[in-house]
Amino acid sequence: MEVDTEERCSGSQVDSSLDQLQKEACPNNDDTLITDDTKQEDNGVVQPDTDDVSSEVNQDSSKVSQDGAQRSETSQVDTDRTEDVTVGPDVAVIGDKEEEVIDPYSYLERDGFTSEIFKIEVCNLPKKFGISQLKKKFKAIGVKGWVKMKLPERGQYVFLTFRCEEDRETAIKLIHGHQWRGQELKAKKANPAADPLLKKRKQEAEQRMQPEKKAKLSSPESDVPVEIRLNESVTPLWNVAYEEQLKLKENEIRVFLKKLGKSMEKENSSWKEWISQQSLYEMGTETNVSSLLAAVETEKAVQHYLQKFSDKAAFDPLTKTGHWRTVTVRVNQLDEALVIIQLCGQDLSQEEICSEREKLKTYFETGDGRDDSLKSLYLEVYRETPGRSQQNGGELQLLFGQPFISEVLLDMKFRVSPTAFFQVNTVGAAVLFTAIADWCKVQSTTTLLDICCGTGTIGLSMAKRVGKVIGVELCSEAVEDARVNAHENGNTQWGMLGITNAEFRCGKAEDVLPSMMHSLTNTDVVAVVDPPRSGLHHDVVRAIRRSPFVKRLIYVSCNPKATLPNIIDFTRSESRRMKGAAFKLIEAVPVDMFPHTSHCELVMLLTRD
């Protein structure tokens, strides 16, 4: 079962692969992928042939976004004895069974386009260069038609993929021998990359077939209760004492902060003594498991529908066949649920989709799946597009109930739409927001910037203490929720018609913030940033640095390792590239927003004179 405990959601959200209700999930893919939606996509997401941690960039965009989810894989074996193993060129024989050998390059034989066929390796690059500079250089010498670029973390080389052999040959001629920054570039053809999913499966299969490593066989996963499987997938530390969990997370945060301190020393050598004097504070929170139990019951109902009432199969990410993809359950503290069931409908007619929609509606509204706690049911019709992630989303259709769910946090009621961000742990969020408010040190004249604000929770919870709140959010549904939440929360709390000193702007932070910062006239500005796992876009960091009015910055990170470049940029010495006075990292507090998992939220306070 695939579950991402850090997806932006309300109460407890379980986003699990329906495929796992019947079979094993895909391995994790941590590569970063950027695609150009206007161009033809590859048939299958396949990364170039290197094991280095790296980023892929698109010719027309330099924005990096995270793609990937926590996944688990369980081997299913139906005997309790070991067998001799024989391996042939095409078939692996385990005892009396034959198993087809997995080919990580089989995607090359499928119908459809993949640019991996037309790939080159460019070597002998300069030791220091920027991605944008490399793109400009290729454009300047006439290299056209490339689809993806992969820059390994180590080594002076890069991979480029193209749409046809002609473009590849032309690029090799243009690049090979070209002089750039004292280096003579070399270009040659490169082999396609192995499909990372199949590559991992093949490695695991080969390990199982080693005679000296005979498999320890266990019962099929279907024999394990769904509650246990859900616990193992969503909360893998569920059977570890909570005090031990906090110690593990504290140690990880200490290691991260030591690494961060060393990096800051390199950028600001004068801070060495000051950094060595800093200390770490711990903060833990308890969790409310009732929401998770409510999600289990919903999972059971969905599983029953698939087995008894639907003739559609679960989606297989390897073969791109099947239809039922994921179920997302968002549960508030009252155990009221909003459910999104995702149907992959690339080969279904409109009549078939309508039929499945009506069957789902009947089952959950008046049939065996009826549950008074289910307040909203959505069907998301997802069209599988080669080379693109499911996070691109599909068409949401409300089958019955209200179009949103509500949650109470810090004595305020927040409306949350199906795709809007809300903290996954409401009890933990109250601790988190209280810490943020204490650090902001706001007064009645302060302008509070709530960047990546979601449904407006942080800004609205502090609105009565400041002069103005300005929120920025990419998701249009979340922005609308924030505006409604501002209107609804003022009535009972202050005896006035809504919170009138808050405004919310929709768009990418890197597009909205630079111009917005120029228009600020207040000299007392506090910024709170709560970005997605990938961190802030560098243009957002630069915009905040350039504004002389922002003296205090609170950075909330659900993935501390990914925020390292952001914090370094905020604290590095002023230069032509990074204008504006540098911030100092004053405090860092881990907040356990994800009990029984290895994840932890980290709140950091940065200030400057």
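1. Glu-503 is partly exposed, with 26% relative accessible area; here buried means under 20% relative accessible area, exposed means over 50%, and partly exposed lies in between (1.4 Å probe, protein chains only). Its side chain and that of Lys-468 meet in a salt bridge, at 3.0 Å from N to O. The term stands for a side-chain nitrogen of Lys or Arg within 4 Å of a carboxyl oxygen of Asp or Glu. Glu-503 lies in strand E20 (residues 502–506) and Lys-468 in strand E19 (residues 468–473), so the pair ties together parts that are 35 residues apart in sequence. Lys-468 counts as partly exposed too, at 34% relative accessibility.

2. A note on the source. This is a predicted model, in which local features need pLDDT of at least 70 and side-chain atom pairs count only at pLDDT 80 or more, while totals for chains, interfaces and linings use all residues. Residues are numbered from 1 along each chain as its sequence is written, and side-chain values use heavy atoms, with hydrogens and water left out. Helices (H or I, at least four residues) and strands (E, at least two) are DSSP runs, numbered from the N terminus.

3. By the rule in point 1, the model has 16 salt bridges. One of them joins the side chains of Glu-165 and Arg-168, at 2.8 Å from N to O. Both residues lie in helix H2 (residues 165–175), three residues apart, which is about one turn of the helix. Glu-165 is partly exposed at 27% relative accessibility, whereas Arg-168 is buried at 8%.

4. Another salt bridge is formed by the side chains of Asp-569 and Arg-577, with 3.5 Å from N to O. Asp-569 counts as buried, at 10% relative accessibility. Arg-577 is partly exposed, with a relative accessible area of 41%.

5. Strands E16 (residues 405–409) and E17 run antiparallel and are joined by five bridges; two strands pair if DSSP finds at least two bridges between them. Within this pairing, Ile-405 stands opposite Val-416 of E17. The hairpin of E16 and E17 has two residues between the strands, and Leu-410 takes a positive phi there, near 55 degrees.

6. How many residues of strand E17 are buried? The strand covers residues 412–416, and four of its five residues are buried, so that E17 is mostly covered. In a regular strand, side chains alternate between the two faces of the sheet.
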